[in-house]
Amino acid sequence: MTVASMTGYAVASGVTPLGTVTIECRSVNSRFLDLTLRLNEDLRFADPLIRETLQKRIARGKVEIRGYITPDENAAPVRINTTVLNRLIEVQNTILETFPQANKLSVSNLLAMPGVMVIDRLDQDAVAQAVLTVLNNMLDAFTASRAREGEALANVLLNNCEQIEEVVTDIKGRMPDILAHIENKLRERLENALSSALTEKSTLTREEVSDRIRQEVVLYALRMDVEEEINRLFTHVAEVRRILKKGGAVGRRLDFVVQEMNREANTLGSKAAAIEMTNASVALKVIIEQMREQIQNLE
């Protein structure tokens, strides 16, 4: 399965017993499937059929459908419903008697009124099937459009994954030296602070003071250790790749994984005891935010 963007556009036309039907579709990102249908009067009968088809083929997005019919030589012959036309003229005359200043309806106005122009013996099922064919042709092009953009977004996300791995790998390689440097500085400060304890009147031995220093250094090193966060970031990156490879509706799953990645980056920043760790945390959060923005557009 491919990864699809929620942004797309397509249009298709086809011949039907009513004339040439044109269906246009455009969509942007949305948390859910939000359908808006704008059909002209002759296509209103197909509203349920169009909605059902769209819901089967589109999972998420704010989707707007426009459909209209253009009469042509292939359209079924029409006739004037004189009963409806005469009734409209009678109503118009009544209004004009009360409001002489009102404008009269033109011929085009009268013909545009519902029920004035009718088609006899029209096979409604044939019309519906023809409209459905046009709709599916449009959806094929629409799906292909979203798939192309989805593939481009997936490549951007995979590149982001590589950037995260580079940052995490770099800081992981630096951590032994960072921790060693921090431990040495801490040991020096503790030794200076506790040197006064090694006086002639003190009951503490040098071994006891050294043992206390070792305990403090170990506890501080444990608090500063980010090995767990680093491993989880590698795991999350692997999960992003797995989701993208599987394809389908990946947006919500990726959004959750990116939230977890951001949590690890924040924890890394909160434990920062060196400028390298701070820089790594900031770089990770920038990349993760870029990923989050792209994921908002995925179905």
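The legends below describe close-up views of one predicted protein model. Local features need pLDDT of at least 70 and side-chain atom pairs count only at pLDDT 80 or more, whereas totals for chains, interfaces and linings use all residues. Residues are numbered from 1 along each chain as its sequence is written, and side-chain values use heavy atoms, with hydrogens and water left out.

**View 1. The fold comprises 8 helices and 6 strands.** Helices (H or I, at least four residues) and strands (E, at least two) are DSSP runs, numbered from the N terminus. Along the sequence, their order is β-β-β-α-β-β-α-α-β-α-α-α-α-α. Of the 299 residues in the protein, 35% are buried, where buried means under 20% relative accessible area, exposed over 50%, and partly exposed in between (1.4 Å probe, protein chains only).

**View 2. Helix α1 spans residues 47-57.** Its buried residues are I50, T53 and L54; seen down the axis of α1, they fall within an arc of 100°, so they line one face of the helix. The arc is that of the directions from the helix axis to the C-beta atoms. P48, Q55 and K56, on the other side of α1, are exposed.

**View 3. I80, V107 and L111 form a nonpolar patch on the surface.** Together these residues have about 250 Å² of accessible area, calculated by the Shrake-Rupley method with a 1.4 Å probe, and for residues only the protein chains shown count as cover. I80 lies in strand β5, residues 79-80, and is partly exposed, with a relative accessible area of 35%.

Terms used. Patches are made of residues with over 30% relative accessible area and no salt bridge: like charges are joined within 9 Å, nonpolar side chains (Val, Leu, Ile, Met, Phe, Trp, Tyr) within 5 Å. A salt bridge is a side-chain nitrogen of Lys or Arg within 4 Å of a carboxyl oxygen of Asp or Glu.
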